[in-house]
Amino acid sequence: MKRFWNTVSIAHGESGYSVLLDGRPMHLPGGAVMRVQSEALASAIAQEWQAAGGQKGGEMSFADTPLTRLAGTAQQRIAPDPAPTIEAIARYAESDLLCYRAEAPEALVARQTRAWQPWLDWVALAYDAPLRTGSTIAYVTQPRASVAALRKAVAAVDVPALAALGIAVPALGSVVLGLALAAGRLDAATAHQLGALDELFQAEAWGEDAEAAARRAAIAADIALAERFLQLTRPAGT
């Protein structure tokens, strides 16, 4: 689409912050005015639109406004009924990446244990959710109480955090790493390294593949977006 506005600003009302294009509030595809509760997020969204397309009449796409898309998802798709998103995220507890270990080579086994086990220990203590690990490709059945505890942990986060986890958890293949990111215990770069541990190990051993590297870069960008959204929407003092 072509940029049709000159000025971008934000306004605050009883229902939250809105972003104004030439003084008119931005609307979601369904017609509702987009509103966010965080001034920091509203300012960041305004900056996206200030940069998008350059000058009036310039070309832009919605790929230029990732925070806007995530805020719209939170407001329009998640807030009215969070249950489907909670279920989709919590389902990763049944097949979390960190629970599936290699049988060989020993160097990879040792790296997985060293990098991943501390986070399984953390989730066991933080959420009373110990998870079993396996060293074959066979499915590892997790304790029902642990799966239920992790579902409860996901359900306890607010709508913006659910939107962020909806991107981060599938990208990482791990609800454990996603919850650590949401809790501020992990940064995006470290989380991505943990999620891509096996692939990075193979790249060290056999050389880098351009297509795989591009895919990892895209995944890293998604995780970084989720982290930024979490930071911009995190309540003060948390």
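**Aromatic pairs, a surface patch and the nonpolar core**

Apart from its neighbours within four places in sequence, arginine 69 is in contact with Phe62 and Ala63 in this predicted model. Arginine 69 belongs to helix 2, which covers residues 66-78. Its relative accessible area is 42%, and arginine 69 is therefore partly exposed. The C-alpha atoms of arginine 69 and tryptophan 49 are 12 Å apart in space, while the two residues are 20 residues apart in sequence.

Phenylalanine 62, one of the contacts of arginine 69, is located in the loop that runs between helix 1 and helix 2. Phenylalanine 62 counts as partly exposed because its relative accessibility is 46%. Together with Met1 and Phe4, Phe62 makes up a nonpolar patch on the surface, and the accessible area of these residues together is about 310 Å².

A pair of aromatic rings is described by two quantities, the distance of the centres and the angle of the planes. Five aromatic pairs were found in a search of the whole structure. In the pair of tryptophan 5 and tryptophan 49, the ring centres are 5.1 Å apart and the planes lie at 55°, so this pair is tilted. Tryptophan 5 lies in the segment before strand 1 (8-13), whereas tryptophan 49 is in helix 1 (residues 39-51); the pair therefore ties together parts that are 44 residues apart in sequence. Tryptophan 5 and tryptophan 49 are both buried.

The rings of tryptophan 122 and tyrosine 127 have a centre distance of 5.6 Å and planes at 90°, so this pair is edge-to-face. Tryptophan 122 has a relative accessibility of 11% and therefore counts as buried, the limit being under 20%. Tyrosine 127, in contrast, has a relative accessible area of 25%, so this residue is partly exposed.

In soluble globular proteins, nonpolar side chains tend to be buried together. The largest nonpolar core of the model has 70 residues, of which Ile45 and Trp119 touch the most other members. Helix 6 (residues 159-172) gives the most to this core, contributing eight residues. When residues up to four places away in sequence are not counted, isoleucine 45 touches Val19, Met34, Val36, Leu67, Thr68 and Ala71.

Technical notes:
Residues are numbered from 1 along each chain as its sequence is written. This is a predicted model: local features need pLDDT of at least 70, side-chain atom pairs count only at pLDDT 80 or more; totals for chains, interfaces and linings use all residues. Side-chain values use heavy atoms; hydrogens and water are left out. Helices (H or I, at least four residues) and strands (E, at least two) are DSSP runs, numbered from the N terminus. Buried means under 20% relative accessible area, exposed over 50%, partly exposed in between (1.4 Å probe, protein chains only). Contact means heavy atoms within 4.5 Å. Rings of Phe, Tyr and Trp (its six-membered ring) pair if their centres lie within 6.5 Å; planes under 30 degrees apart count as stacked, over 60 as edge-to-face and the rest as tilted. Patches are made of residues with over 30% relative accessible area and no salt bridge: like charges are joined within 9 Å, nonpolar side chains (Val, Leu, Ile, Met, Phe, Trp, Tyr) within 5 Å. Accessible areas come from the Shrake-Rupley method with a 1.4 Å probe; for residues, only the protein chains shown count as cover. A salt bridge is a side-chain nitrogen of Lys or Arg within 4 Å of a carboxyl oxygen of Asp or Glu. A nonpolar core is a set of buried Ala, Val, Leu, Ile, Met, Phe, Trp, Tyr and Cys residues joined through side-chain atoms within 4.5 Å.
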